Amino acid sequence: MVAIETDQSTLVSARLPVARGRRRRQLQDRQYALLLMLPAAVVLAVLVGWPLVELVKDSLYSGGLLTGQHFAGLSNYKAALTSGEVQASAGRTGLYALIVLPVELIVGFAMALLFKTLGDRARVLRTVFIYPLLIAPLVAGLLWQYMLAANYGILNQLLASIGILHGDNSILWLGDPTIALLAVAIPDIWLTTSFVTLVLFAGLQALPADVYEAAKIDGAGPWQAFLRITVPLLRPVIAVVLVIRLVDAMSAFAVILIETQGGPQQASTTMGLEIYNTFITYGNTGLAAAISVLFMAAMMIIAFIALKTIWRPGGVTR
Amino acid sequence: MSLRSGRYLKRGALWVLLAAAVVFYGFPYVYLVLTSFKSPGAALEIPPQVWPSHFTFANYSSVLSQPGIVKAFVNSIVIAVLATAIAVALAVPAAYGVVRYRTRAGRVFVTGALVVRMVPAIAIGVPFVGLMARLHLTDTQLGVALAHITIALPLSIWLMSSFFEATPMELEESARIDGCSRLGALARVIVPITSGGIAVTAVFAFLASWNDFLFALLLTAQRSETVPVMIGNFQTEYGNEWASMTALAVLYSLPVVVATLLFQRKIVSGLTLGAVKG
């Protein structure tokens, strides 16, 4: 209703002398644009802002619903920062990201280049390749738990058939604390390498062809062209992909919960599971909230630094 | 001549490489579907067989006779439809306002949506439990839908902004000259031409809700339990019944398959524009 009224006054103002009319019209455009965004902004502020305010508030209280809450100052933060368990989880979260990201980026980039080289005839294969992206993480977790099973799992069977595993030997992918984190990373790699490929492929499509022509005339090989042209030009795209994947990898949850519940011996408990366990299993809302706040802050800082350094290091112009 | 055959050889090698990668990539899902047609014993066979020795629909009928399965699917659908409808209805005018008028507020708004995208779901999920209890929305479809909007709305804003970027705005101008109001031009001219983009956005908003496990796990009990929560419980109870579990997983991913087939090409572009994973 409000929008329609503003609109009619615009029509009136259009008849005013040009200079004044344009100024008024511009101002009203701005107000109209704001009006269009307002509902979404309010909903986001309420549905995200309110919980985050509550989260910070929760982090300052101790006690659960049964014992009654009382103000605890920063003691939850102190407990979170000094807890060996939280530190170990933070370390595993970082390690998990370090396992997942390089593989996804290298394989994803290679696949994007492959699709680019082979052109439109590879379209059908491209669609098949993006399919994992649409699969729920939960299903991926289940599926890989089945395939990674020590005895009836197909991966061990595959390794045996190509001669890597001998006789009755089998790898306890999800049961061995030393490799569990690696094993829960496999579904994530399977699920999201396609995402990296897709975004980088779109970026490659948008690169100007004449630059490559020029480089070819100057005698640059494909490897040189990749390092000197493709990577620098794709820098913003790479930055976005990396940061999104970094943030998502660090908050991995569904796949790990389904596959190992964070075990064995907490070997695959990353921050998401640590917070979930503190909250659900131990019912310690205050501590869970404090860990969440620290986790979120750390993630924002890392994402910000990553974006700043990768996107435009030292103000390099395109 | 030799140079040319060398090039063909190289091309051929690349195709083989690509085909191998795609097979490697597609295999796990094919294996999931094949396993769902095996007998419960065959699914646990050592060594495992890829191809079922005989096909059976028994797993599907046993899964479909599980108590609560229909309700879980209804819950998942209702929640996803609610979240999608609200997210898209809010995102379309907002993204249009950002792209059409290019104000500073618009840039702040879009950046804000990206920052929200970076907030880990668990940090919203933990306080959401208490908030929903206070609003008497614990274990309700609306409660879960509200949580899903925190994922679906930023995603929809980003997708719709990209679609509007690719839409010629002069059409709106000419509609205005023909006497359309601003809101009328948006509803009668802009929305129809971007309907493809809106559909893709809706598909992704739906999938974001449909695929979510964390929020549903935190916010539902019996009444509003969604399919992923049911799968999780099923796994805890019948950990080794892989034949039934794979059948359930196939049923659950059916909407994804349908959506992919329906919107194949547009989904690829949509995926490229927005960061999808939740």
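Of the 278 residues that make up chain B, 47% are classed as buried. This value, like those that follow, derives from a predicted model. The secondary structure of chain B consists of 12 helices and zero strands, and the order of its elements from the N terminus is accordingly written α-α-α-α-α-α-α-α-α-α-α-α. Along the principal axes, the C-alpha atoms of chain B occupy a box of roughly 75 × 70 × 30 Å. Within chain B, contacts with a sequence separation of 6 or more were also examined, and 78% of these are accounted for by residues 24 or more positions apart.

Chain A comprises 318 residues, of which 39% count as buried. Its secondary structure includes both element types, with 13 helices and two strands assigned to chain A. Where contacts in chain A link residues at least 6 apart in sequence, 68% of them join residues at least 24 apart.

The two chains meet at an interface in which 74 residues of chain A are in contact with 73 residues of chain B. On the side of chain A that touches chain B, the greatest contribution comes from helix H2 of chain A, spanning residues 18–59, which supplies 19 residues. By residue class, this side of chain A is made up of 60 nonpolar, eight polar and six charged residues.

Methods. Residues are numbered from 1 along each chain as its sequence is written. Chains are lettered from A and ligands numbered from 1 in the order in which they are written. This is a predicted model: local features need pLDDT of at least 70, side-chain atom pairs count only at pLDDT 80 or more; totals for chains, interfaces and linings use all residues. Two residues are in contact if their C-beta atoms, placed from the backbone, lie within 7 Å. Helices (H or I, at least four residues) and strands (E, at least two) are DSSP runs, numbered from the N terminus. Ala, Val, Leu, Ile, Met, Phe, Trp, Tyr, Cys and Pro count as nonpolar, Asp, Glu, Lys and Arg as charged, and the others, Gly among them, as polar. A residue is buried if 20 or more other C-beta atoms lie within 10 Å of its own, exposed if 12 or fewer, and partly exposed in between; C-beta atoms are placed from the backbone.
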